[in-house]
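Notebook, open at a new page.

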Amino acid sequence: MLVLGRKLNEALMIGDDVEIIIVEIKGDQVKLGIKAPRQVKIYRKEIYEEIQSENIKAAENKPNINHLKDLEKLLQNKKNQ
Amino acid sequence: MKEKIQTRDAGEVEIDSRQKINFPKGLFGFDDYHNYALLDWREDSPFQMLQSLENKEVAFIVLASDILFTGYKPEFEKEDIKDIEADAVEDLLFFVILTIPGGEPEKMTVNLQGPIVINKNNNKAVQVISMNDAHGVRVPLLELITEGGK
């Protein structure tokens, strides 16, 4: 892992197309500005990991027909509203 | 064309090849599996199963988002769905994945932040991450059904 120090308003280039700027430093929070082409996806890391781990949890479920029956009734009622 | 597949919960099931969905990028956490079948859970049930064709133990309970509420618009870029070659929003179907924590059905949650987008014209799909933070990863299904979602 490359570790670089940056001061307020300084920036990093990642490859030729991605730029990260230190926009604000307030207490323990650093605000980063990111300039990147649209096809480069930028996520807060915890969201990305959350979706991954939620998928894994979801795949572990073995649905019980009775559990779903109650929810189906509720969905049906909602549809009829 | 019909074929037989192995499922996690229902043994051997016959499907029509039109039920097969291809995920060029797989699903988050399951990058190696690209081929799934969309199965009906039971007749009359809005719940469906997304069953992996490459690992029979991998299956997800999913719900077409328009069953839950209208107006669910996950926010993503056109780039995110370029792999499924869709031209128009009318070509897209949104499904959300359900999680049943600890076998307690009342606590069932829906992942609104990571929906599955299917192109109904070619059955290609991708899981996207909605940039709208109001779309939670674990939204209680009961709340959505009883209060009316957004």
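I looked up Arg8(B) and found it buried, at 11% relative accessible area (buried is under 20%, exposed over 50%, partly exposed in between, with a 1.4 Å probe and protein chains only). The side chain of Arg8(B) meets that of Asp9(B) in a salt bridge, 3.0 Å from N to O (a salt bridge being a side-chain nitrogen of Lys or Arg within 4 Å of a carboxyl oxygen of Asp or Glu). Asp9(B) is partly exposed, with a relative accessible area of 33%.

Notes on the source: this is a predicted model, in which local features need pLDDT of at least 70 and side-chain atom pairs count only at pLDDT 80 or more, while totals for chains, interfaces and linings use all residues. Residues are numbered from 1 along each chain as its sequence is written, chains are lettered from A and ligands numbered from 1 in the order in which they are written, and side-chain values use heavy atoms, without hydrogens and water.

How many salt bridges does the structure hold over all chains? I have eleven. One of them joins Glu10(A) to Arg6(A) at 3.3 Å, N to O. Both ends are partly exposed: Glu10(A) is at 28% relative accessibility and Arg6(A) at 38%.

I then took Lys45(A) and Glu49(A), whose closest N and O atoms are 3.5 Å apart in a salt bridge. Why are they separated by about one helical turn? Because they lie four residues apart in helix α1 (residues 45-60) of chain A (helices are DSSP runs of H or I with at least four residues, strands runs of E with at least two, numbered from the N terminus). Lys45(A) is exposed at 58%, whereas Glu49(A) is partly exposed at 40%.

I also noted a salt-bridge network that links Glu50(A), Glu54(A), Lys57(A) and Arg138(B).

Next, the surface. Leu8(A), Ile25(A), Val30(A), Leu32(A), Ile34(A), Val40(A) and Ile42(A) make up a nonpolar patch with about 570 Å² of accessible area together (Shrake-Rupley method, 1.4 Å probe, with only the protein chains shown as cover for residues). Patch members have over 30% relative accessible area and no salt bridge; like charges are joined within 9 Å, nonpolar side chains (Val, Leu, Ile, Met, Phe, Trp, Tyr) within 5 Å. Strand β3 (residues 29-35) of chain A gives the largest share, three residues. Val30(A) lies in strand β3 and is partly exposed at 45%.

Last, I checked Val139(B), in strand β10 (residues 139-140) of chain B. Val139(B) is buried at 16%. Beyond its neighbours within four places in sequence, Val139(B) is in contact (heavy atoms within 4.5 Å) with Met108(B), Thr109(B), Val110(B), Leu112(B) and Leu144(B).
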